[in-house]
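Please read the points below beside the sequence and the structure.

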Amino acid sequence: MAEVVFDEASRIYTPGAKPAVDRLSLTVADGDLVVLVGPSGSGKSTALRMLAGLEPIDAGSVRINGRDVVDVQPKDRDIAMVFQNYALYPSKTVAENMAFPLKMRGMEKEERGRRVRQAAEMLGLTEYLDRKPKALSGGQRQRVAMGRAIVREPQVFLMDEPLSNLDAKMRVQTRAQIAEMQNRLAVSTVYVTHDQVEAMTMGDKVAVLADGKLQQYATPPELYDRPANAFVAGFIGSPAMNLLELPRSSSGVTLGGIEIPLTREVTDAAGSRDKLTVGIRPEDWVLESTDADAASVVKAVVDVVEELGSESYLYAHLAEDTATTIVVRGPGRVKVRFGDPIAVRPTAEALHVFDVESGERLD
Amino acid sequence: MIDRAEGWRRRAPLLPALVFTIIVTQIPFILTLFYSLQSWNLVRPGSQEFVWFANYVDVFTDSQFRQVAINTVVMTLGSVLIAVVLGLLLALLLNRQFVGRGVVRTLLITPFLITPVAAALLWRTVLLDPTLGLVNFVLSPFGASGTEWISQFPLASVMAALVWQWTPFMMLLLLAGLQSQPSDQLEAARVDGASAWSVFRELTLPHLRRFIELGVVLGTIYLVNTFDTVYMMTQGGPGVASANLPFYIYQRAFLGFDIGQSAAMGVVVVIITLIAASFALRLLFRSFSGEEELT
Amino acid sequence: MAITTDTPTDERASATDEGQTPRKQRRSAANVWFGVIAWVVGIAFFFPVFWMVLTSFKTEADAYTPTPKLFFQPTLEQYEGVFSSGLGPYIANSVAATVLSTIFVLLLGVPAAFALSLRPVKKTSDVLFFFISTKMLPVVAAIVPIYVVVNQIGMLDNIWTLIILYTGMNLPIAVWMMRSFFLEVPGELLEQASIDGAPLWRTLREIVLPIISPGIFATALICVIFAWNEFFFAVNLTAANAGTVPVFLVGFITSEGLYWAQLSAAATIAALPVVLAGWVAQNKLVQGLSFGAVK
Ligand SMILES: Nc1ncnc2c1ncn2[C@@H]1O[C@H](COP(=O)(O)OP(=O)(O)O)[C@@H](O)[C@H]1O
Ligand SMILES: [Mg+2]
């Protein structure tokens, strides 16, 4: 049972260069699964490895259960890690792989065997216990790596993109299994991924990183509904939120010739800015009939239609301003095709408004 | 960061090997340097005296030494280059599918494995003997019987033996290089419509480059030290026509017992080799540690 | 690529139309020819070895014929002769020098390669440079002081002298080779082991060594080949007591004169162990000799 705290923790690989992790502060509550998500190179792995003790902490501190672990060796941090490529010992069988950390801790043979069998059963690995990793499929290897972490009964699980080497179907299955197992074992877990769907589906809380800096740390619904800045807004959600830089008008902003009203809070926060970044999720457009009143709808021309069966996404450019493209969610059997005109109206309550320069949320 | 204790802990496994290598390989060179400044002949006990650079003067005015130095360059570079070219041709041949490829490869690598002393003997007698040798027997229909290979072409004879031994090595190395070329590259080129020759020139050769470099460097390191083949085939003769530096220094030291002179030659050889080697080393380093610089 | 994708398709189609032979058949016909050439070259390269072995089963009378004899009454008389002239102790010396020096190379070299790869120390490339540069220095330049020192401490004609020198001779190359094998061990594995709490030596023994054992084996094999075949140190520093097989070959010739059949038997015995080892492990051999640059 453990609480993990990053306190202004930084990692600077090359002195003078930009930190790979820049004053990261976040708290993982006991038993929570926290996902670190961000684009490649954003510092997720580095942050995780700092927690594991595989990277030094150049500034700030990292605490596990209140104990500062900056000078603690990886083996003494009571953590278990699952690596992207699983890091299974090729010369050892599945059972030996899982038992190895226990053996290194001087656990007795019977107890080791008991724990390994238990974990193997839980993961459906019982019949593979005597195989070498070479003779396993990708999914099985992944489970062995999980098993090796579980048998330790550590304070914290660390996982660095553990699903990225699996095929799409396995990934969805395993994702659910990991979440379920973590829930059952109630071990605090830090999980790294670049896939925002994984982050949203698995995390109790999600930390979005970019350029080594924490962008937002929140629950998935919060992240989706109130992204703290334009980066998070664009990163979370698929297809991505439409982020449009729009000029101010008297009571809102103008888009494609129509005026979109903004809430009081936003206009207050926006102050005297003459431009705003406005975010509209694809599902926050309403498709109108093309002969609707020109003053209340935005006219656009369809470039691509993505039919997903239950819904569809229309990629279109504005009729007035062909350089601006938008994505609109439509119904499953949408009739429009390439080149067709459409008319859309944004749902005013669902707008996200950000500062043009800093990207910070306004309201 | 790595503190001092950790630094030593990391260095510890390296130290025995490093110290051993320094003792076994460096101290003799320092002594060589020291001896090279002395006049010292083993057959005249008590003759040891300090003469500064007199030995070097002798070395540079020794016309035989110059001849021998040239022989060494010709023998080393000639053998290496011929072996690389032949090795490349053989590797290209063996890179194709045919019946018994494994057997042919086994046959081909054998000369490299033969003890050089035995190989030299084999060449001197069974192969190159003027009257009973196989080479003259095979060439006799072309009217070449009775050629005294070893005395008429001593350097070429030694080089033939060396090429015979080192071509298999180059072949193995380059074959491995060819087989490490990703097949999707070749397939992409085929789809792009490149001819076999342009595939070879524009993809395969550049890919093989570092293998060729490695072969040249390793071959040179070993062949510049050739002693056994010269000793067994020609004894450097006639005169010094086929002597290389290792053999010549050996003669001076162990037949002439002239420690000072041979030490001075040794130093000269080291200097020449260092110049050549720093060039070769750069090649080696570029091919093998450029990607993962560790300091 | 400048060439568009549709041209070759056309060419190929027309070639198939006009050339009567379907492409596939033509290609395999070419391969048959390449196969034939490869076999011929392979046999040519191997022939001297074959002839050596053949001659070793001849009587001297059968060995000296103006037309080389392929068919004859085989005899073991030459091998008996070689063994009765006291080859045994030389073989024992060669085995001792080869095996022990190879063991020492591994004992010193494995930790050093580890320190230079998986847990790199500062100035790694300088150390590597030093190791390889010792191979560039010709041994002839060191032989004089080595002889003088060995003589002074009374270690001439002592097998330990050769063991130490062979260790020094092979260690640098071995460190280089093993380092490249170590570098192939995924870093994640070591990190996993450190999280699992395995101490360094257990990580090395239980996790790293099993992975790189083929590489270590290849390295050892190469050390064995070079040590077994070494002649220069052996001939200069040993005599009847500590002489190795190549030294025996030389002594054998000077004392018995050139008897081809017997000499072939002796050369066959000298070469056999390394040839067999090399045949069995040819793939590993390439991997080792290319510093692991190829698999
Ligand atoms: N060993 C290293 N040395 C120097 N820079 C590194 C090293 N590892 C990672 N970096 C840099 O640190 C940044 C963060 O890397 P990483 O944590 O691996 O990102 P992520 O896991 O989010 O893709 C990147 O810019 C990367 O180039
Ligand atoms: Mg990463």
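1. Basis. This is a predicted model, in which local features need pLDDT of at least 70, side-chain atom pairs count only at pLDDT 80 or more, and totals for chains, interfaces and linings use all residues. Residues are numbered from 1 along each chain as its sequence is written, chains are lettered from A and ligands numbered from 1 in the order in which they are written, and side-chain values use heavy atoms, with hydrogens and water left out.

2. Chains B and C. The contact (heavy atoms within 4.5 Å) takes in 107 residues of chain B and 103 residues of chain C. About 9500 Å² is buried between chain B and chain C, with carbon and sulfur atoms giving 79% of that area; buried area is the accessible area (1.4 Å probe) that two parts lose on being put together, summed over both.

3. Between chain B and chain C the count is 0 salt bridges, a salt bridge being a side-chain nitrogen of Lys or Arg within 4 Å of a carboxyl oxygen of Asp or Glu. The rule does find 10 residue pairs in polar contact across the interface of chain B and chain C, both residues at pLDDT 80 or more. A polar contact is a pair of N or O atoms within 3.5 Å; within protein, one must be able to donate a hydrogen and the other to accept it, and residues adjacent in sequence count only if both atoms are side-chain atoms. The side of chain B that touches chain C has 72 nonpolar, 20 polar and 15 charged residues. Here Ala, Val, Leu, Ile, Met, Phe, Trp, Tyr, Cys and Pro count as nonpolar, Asp, Glu, Lys and Arg as charged, and the others, Gly among them, as polar.

4. Chains C and A. Here 16 residues of chain C are in contact with 25 residues of chain A. The two chains bury about 1700 Å² between them, 58% of it on carbon and sulfur atoms. C:E188, C:I195 and C:D196 supply 38% of the area that chain C buries against chain A, more than any other three residues.

5. Polar links between C and A. The count between chain C and chain A is 2 salt bridges. In a salt bridge, the side chains of C:E206 and A:K92 meet at 2.7 Å, N to O. Residue pairs in polar contact between chain C and chain A, both at pLDDT 80 or more, come to 10. Helix 9 (187-196) and helix 10 (200-229) of chain C each supply at least two residues of the side of chain C that touches chain A, and helix 9 of chain C gives the largest share, 8 residues. Helices (H or I, at least four residues) and strands (E, at least two) are DSSP runs, numbered from the N terminus. By class, this side of chain C has 8 nonpolar, 3 polar and 5 charged residues.

6. C:L204. This residue is found in helix 10 of chain C. Leaving out residues up to four places away in sequence, C:L204 touches C:F114, C:F182, C:L209 and C:P210. The C-alpha atoms of C:L204 and C:A193 are separated by 9.8 Å, with the residues 11 apart along the chain.

7. Four-stranded sheet of chain A. This open sheet has the order 2-1-4-5, with antiparallel pairing; two strands pair if DSSP finds at least two bridges between them. Strand 2 (21-28) and strand 5 (67-68) of chain A stand at the edges with a single partner strand each, so one side of each is left without a neighbour in the sheet. Strand 1 and strand 4 (residues 59-64) of chain A run antiparallel and are joined by 5 bridges, with A:V5 opposite A:R63 in strand 4.

8. A:E8. This residue lies in strand 1 (residues 4-11) of chain A. Phi of A:E8 is near 50 degrees, a positive value in a residue other than glycine. Most residues other than glycine have a negative phi, and most peptide bonds are trans.

9. A cis bond. The peptide bond from A:S238 to A:P239 is cis, with omega near -5 degrees. A:P239 lies in the loop between helix 8 (230-235) and strand 11 of chain A.

10. Three-stranded sheet of chain A. The order is 11-14-20 in an open sheet with antiparallel pairing. Strand 11 of chain A pairs with strand 14 (residues 275-280) of chain A over 6 bridges, and A:L244 has A:V278 as its bridge partner in strand 14.
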